[in-house]
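Subject: Structure handover

Hi,

Here is the structure I promised to pass on.

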2 protein chains.
Amino acid sequence: MNLDSTDEKILKNLMMDARQSARQLALKLGMSTVTVLSRIKKLEKEKIIKGYTATIDHEKIGYSLTAIIEIVAKNDKIVDMEEEISKFENVCGVYDITGSTDTIIIAKFKERNELSKFVKGLATIPNVENTITHVVLNTAKEDFRLT
Amino acid sequence: MNLDSTDEKILKNLMMDARQSARQLALKLGMSTVTVLSRIKKLEKEKIIKGYTATIDHEKIGYSLTAIIEIVAKNDKIVDMEEEISKFENVCGVYDITGSTDTIIIAKFKERNELSKFVKGLATIPNVENTITHVVLNTAKEDFRLT
DNA sequence: CCTGAAATTCGCACCGC
DNA sequence: GCGGTGCGAATTTCAGG
């Protein structure tokens with residue numbers, strides 16, 4: 001599916017502020033409410049818009065610890081392993097990558113010992129051969145909106 | 001600032017669907033519209049809610065290539081370097097980490113040669129000593145909502 | 001923190017371009 | 001396919017308790 005410039009403008013605006021009405025958006029973009037609304041519906045239907053979420057300041061609600069963990073797998077059923085890891089609520093990202101390790105994950109925790117428990121828990125998952133944990137000292141950017 | 005269970009419920013629900021009215025939310029949670037609305041306003045004011053965004057299917061709009069890039073820095077002014085890197089629109093995450101490399105970044109691209117150009121561009125940034133690029137073969141999870 | 005009513009705003013359908 | 005108008009419904013806001 002390809003988007004025209006109208007779709008792109010709408011997407012861009014909804015990424016900046018998902019809580020604005022079709023009317024407001026139409027006003028801003030200089031087109032009719034109907035057009036904006038029907039485009040949004042179309043984008044939702046085609047699952048280009050997957051949903052709308054509030055962006056939370058993780059640190060302010062207590063998630064002060066971010067970790068990036070590399071995983072070396074025993075060489076079969078990596079997909080199953082990744083699915084298993086994805087189930088954890090602390091886990092924000094799970095990527096299957098090229099290079100010397102197989103999988104890299106990003107996870108967030110409130111306490112140091114939660115991270116500790118988590119890493120120990122990883123070792124019990126089938127196919128996890130080895131893990132390398134990196135603690136994030138500073139997050140310079142974390143914004144998955146793409147314009 | 002600490003949240004009570006009402007705040008948490010509201011946050012959780014807004015993370016699931018940012019485009020629902022305070023009234024709907026109040027109905028679901030069994031409290032009044034006014035209460036919900038004033039809590040939301042409070043959470044916005046305290047910047048616990050940083051904003052509201054539409055979640056987009058990156059692959060469907062053409063970002064089919066994700067890369068994770070490790071960076072080794074010359075050992076001063078890492079912060080400046082990270083700020084510089086954060087400016088790129090393709091860059092979704094920039095993390096300062098412990099371990100053998102200094103910084104790890106996540107970036108998304110539409111084309112293979114965009115990635116290529118990007119990595120070459122990195123080398124020209126002051127303080128970038130060396131980069132290691134991992135191509136993401138599969139994204140098992142990418143969801144930075146924390147309950 | 002809730003109730004209730006006022007005032008605003010919204011979404012959608014209809015119609016014309 | 002896009003835009004304008006209008007109406008019923010839904011939403012926020014403002015009182016008072």
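**What turned up**

Let's start with L3(B): setting aside neighbours within four places in sequence, L3(B) is in contact with I61(A), E8(B), L11(B), L43(B) and I48(B) (contact means heavy atoms within 4.5 Å). L3(B) sits in the segment before α1 (5-16) of chain B; helices (H or I, at least four residues) and strands (E, at least two) are DSSP runs, numbered from the N terminus. From L3(B) to V79(B) there are 76 residues in sequence and 32 Å in space, C-alpha to C-alpha.

Before you read on, some ground rules: this is a predicted model, where local features need pLDDT of at least 70 and side-chain atom pairs count only at pLDDT 80 or more, while totals for chains, interfaces and linings use all residues. Residues are numbered from 1 along each chain as its sequence is written, chains are lettered from A and ligands numbered from 1 in the order in which they are written, and side-chain values use heavy atoms, with hydrogens and water left out.

How do the two chains relate?

A cavity here is a set of points on a 1 Å grid over the protein atoms alone where a 1.4 Å probe fits but cannot get out, and lining residues have an atom within 4 Å of a point. Grid points are joined across faces, edges and corners, and the volume is the space filled by probe spheres set on the points. The largest cavity holds about 30 Å³. Its lining is I68, Y95, I104 and I106 from chain A and I68, Y95, I104 and I106 from chain B. β4 (103-109) of chain A and β4 (103-109) of chain B each supply at least two of the lining residues.

Chain A is divided into domain 1 (5-46) and domain 2 (58-136), with bounds from an automatic or database domain assignment. The C-alpha centres of these two domains of chain A lie 37 Å apart.

Cheers

Technical notes
On a 1 Å grid over the protein atoms alone, a cavity is a set of points where a 1.4 Å probe fits but cannot get out, and a pocket is an open set with protein on both sides within 12 Å along at least five of seven lines; lining residues have an atom within 4 Å of a point.
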